[in-house]
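Welcome! Here are some exercises to work through with the chain in view. Try each task before you read its solution.

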Amino acid sequence: MSNNSSSNNGGEGFLTEEQRETLRNAGALLSSSPKSPTGSLLLAENQIKVSVGGDGAGGKGTWGKLLDTDGESHLDRNDPNYDSGEEPYHLVSASATTPVDDYKKAVAAIIEEYFSTGDVEQAASDLRDLGSSEYHHYFVKRLVSMAMDHHDKEKEMASVLLSAIYADVISSAQISQGFFLLLESADDLAVDILDAVDVLALFIARAVVDDILPPAFLTKAKKSLPESSKGLQVIQTAEKSYLSAPHHAELVERRWGGSTHITVEEVKKKIVDLLREYVQSGDTAEACRCIRELGVPFFHHEVVKRALILAMETSISEPLILNLLKEAAEEGLISSSQMAKGFCRLSESLDDLSLDIPSAKSLYLSLLENGMSEGWLDSTSLKSSLNLDGGDIASNEDEKVRKYKESAVTIIHEYFLSDDIPELIRSLEDLHAPEFNPIFLKRLITLAMDRKNREKEMASVLLSSLYTDLFSGEDIVNGFILLLESAEDTALDVLDASNELALFLARAVIDDVLAPLNLDEIEAKLPPNSSGAETVHMAKSLLSARHAGERILRCWGGGSGWAVEDAKDKVAKLLEEYESGGELGEACQCIRDLGMPFFHHEVVKRALVMAMEKKNDGILNLLQECIGEGLITTNQMTKGFARVRDGLDDLALDIPNAREKYKSYTERARNDGWLLSSFPA
């Protein structure tokens, strides 16, 4: 029997020499690739199958399958020869991220960046650029919850940011929804933050004080939260500990150290102080540190301007100032554009400076040449703004316009001191230059923006008084266009210029000085994507928010010395007294004592509504007397009738015959000459 015929032996259990050689080769393959055995196993198995025959199972008495790949293989991790590489591969599926997950990750990065820089504008811009406004309530929740785990500084910053982006970036409804999410998760927050209930209560109280969360939110939230939840404790703490205490608004606003906002006056004072200290000490590094700590890189042009003036005032300080500006430019502390703006702004006031420093123009040219020769002042940044011939600034203004501006500034300053609207109107009429009314409006608001809230409120009140009596609607529109065209220049002097301008625009709409459609007209005349166009968009956002009227009317603290609500209350009381049997002359005197002729349309509106409600048409005799003696102008009378007309749908719910009454009142007013001829029938 031959050695190579074992397959015919009926299964004697012996392998041929050829089969043994195959097994040896298979072992060599396995040992040569210990880290990646899979391929070697398959190759060895195939060789054995070919050599042994069939699937290598053999017959009776044989070893069976040498490498059984059909059944399940079991690896023993306790085996000394165990190799983790022999474990079978398992594909692990990674769950796809959702848009909400991506949004939450993005806002976390934005918040961390904001906490480190304090740049409100950048945070608002980054949030707007996400383009996921439907998820903004998650931003509110994330911002507050992250701030709760930080220091008071970050808590204050979070409240300031929410107030800044309210209505413009995040809607009122999303603010409320975000705070409700926080209340729902108060139990979880309390696990990581020991005083979570108190801190969250303070955040809610601050939001109410800042007018970004309506007080009604507290009542609604209480009804939706479980009685045993910490969210309900938060609401109760906010109500009892913070919102019901005397002077609660001031206490809440200062709980975390006061607002992070800094006024223009404070910045300018800090700049002057640090420059004076630098001239005394000569410590350039310390001066640069102080400039950096100001945290207003967009206002560094003021540092440049003030430094140059100081160098011109005292010649001994000039080398130090030049060294400071050079150092600040070289280390990138003051950008080339801010440096150029500082020089440009100083050039614009050289004429005034020459009154105190006779050699101001020659000194300025010397400083300018020094900066350009040493390379820290970019000459190309100056070309569009400066005319260097003899230091004179090119001016295309007509002499008449220049004189008008000087007179307008004097009149406005006197008004801010006296609060005398009739005197201002007389002064304007004496100028005999109605064609320059838009210029006056621009000057009025520009000067008010660099002052306190009192002057801003006075400017809005004055516009209401000037409208129709002295200024046409076209004058108002053109004035705002002039203002918005120079918005970027205004921002050089006013830190929060864009927001302030938006409030002036929105306030003009609320006061009926501008119609909502006028905003579209103004925007159409501005370059797309310009600072002015963005300001108009911001004003529209403010006006679209809930309770916009009340919020905007209170933006600078109410009327000229007292709140608009007080004026309305006084109007209502004087009309009630007159209706109950008061004297006509006394009622007229009370209207006169209000001292708010621009607000007489409210008298007209209240009188018409009261006549409908009380079914006492005799109240209209007061309006007849007022128009007869010129106490209420035709313009104010027309505006009052128009306001009643616009609210007829609501009035009809309480006064079924409101439309019929209004029609009869309008007919009487038209027949007696109370209304403008343009008023529609």
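Among contacts (heavy atoms within 4.5 Å) in the chain between residues at least 6 apart in sequence, 72% join residues at least 24 apart. Before you go on, note that this is a predicted model, in which local features need pLDDT of at least 70 and side-chain atom pairs count only at pLDDT 80 or more, while totals for chains, interfaces and linings use all residues. Residues are numbered from 1 along each chain as its sequence is written, and side-chain values use heavy atoms, with hydrogens and water left out.

**Exercise 1.** Find how many helices and strands the chain has, and what share of its residues is buried.

*Solution.* Step one: count DSSP runs, where a helix is H or I over at least four residues and a strand is E over at least two, numbered from the N terminus. This gives 36 helices and 0 strands. Step two: apply the burial classes, with buried under 20% relative accessible area, exposed over 50% and partly exposed in between (1.4 Å probe, protein chains only). Of the 681 residues, 44% count as buried.

**Exercise 2.** Work out which residues Val120 touches beyond those up to four places away in sequence.

*Solution.* Start by placing Val120 in helix α4, residues 120-129. Its relative accessible area is 16%, so Val120 is buried. Now look around it: Val120 touches Tyr114, Val160, Leu161 and Ala164. Finally, compare sequence with space: Met157 is 37 residues away from Val120 in sequence, yet their C-alpha atoms are 8.8 Å apart.

**Exercise 3.** How do helices α20 and α21 run, roughly parallel or roughly antiparallel to each other?

*Solution.* Take the axes of α20 (residues 399-418) and α21 (residues 421-431): they come within 10 Å and cross at roughly 170 degrees. Angles under 35 degrees count as roughly parallel, over 145 as roughly antiparallel, 65 to 115 as roughly perpendicular and the rest as oblique. The two helices are therefore roughly antiparallel. Next, see who meets whom: Tyr404, Ser407, Ile411 and Tyr415 in α20 meet Ile421, Leu424, Ser427, Leu428 and Leu431 in α21. These residues divide into 7 nonpolar, 2 polar and no charged.

**Exercise 4.** Is Asp512 buried, partly exposed or exposed?

*Solution.* Asp512 lies in the loop between α26 (497-510) and α27 (516-524). With 33% relative accessibility, Asp512 counts as partly exposed. Then check the backbone: Asp512 is not a glycine, yet has a positive phi of about 65 degrees. Most residues other than glycine have a negative phi.

Note on methods:
Axes are lines fitted to C-alpha atoms, for helices over the stretch in contact, and angles run from 0 to 180 degrees between N-to-C directions. Ala, Val, Leu, Ile, Met, Phe, Trp, Tyr, Cys and Pro count as nonpolar, Asp, Glu, Lys and Arg as charged, and the others, Gly among them, as polar.
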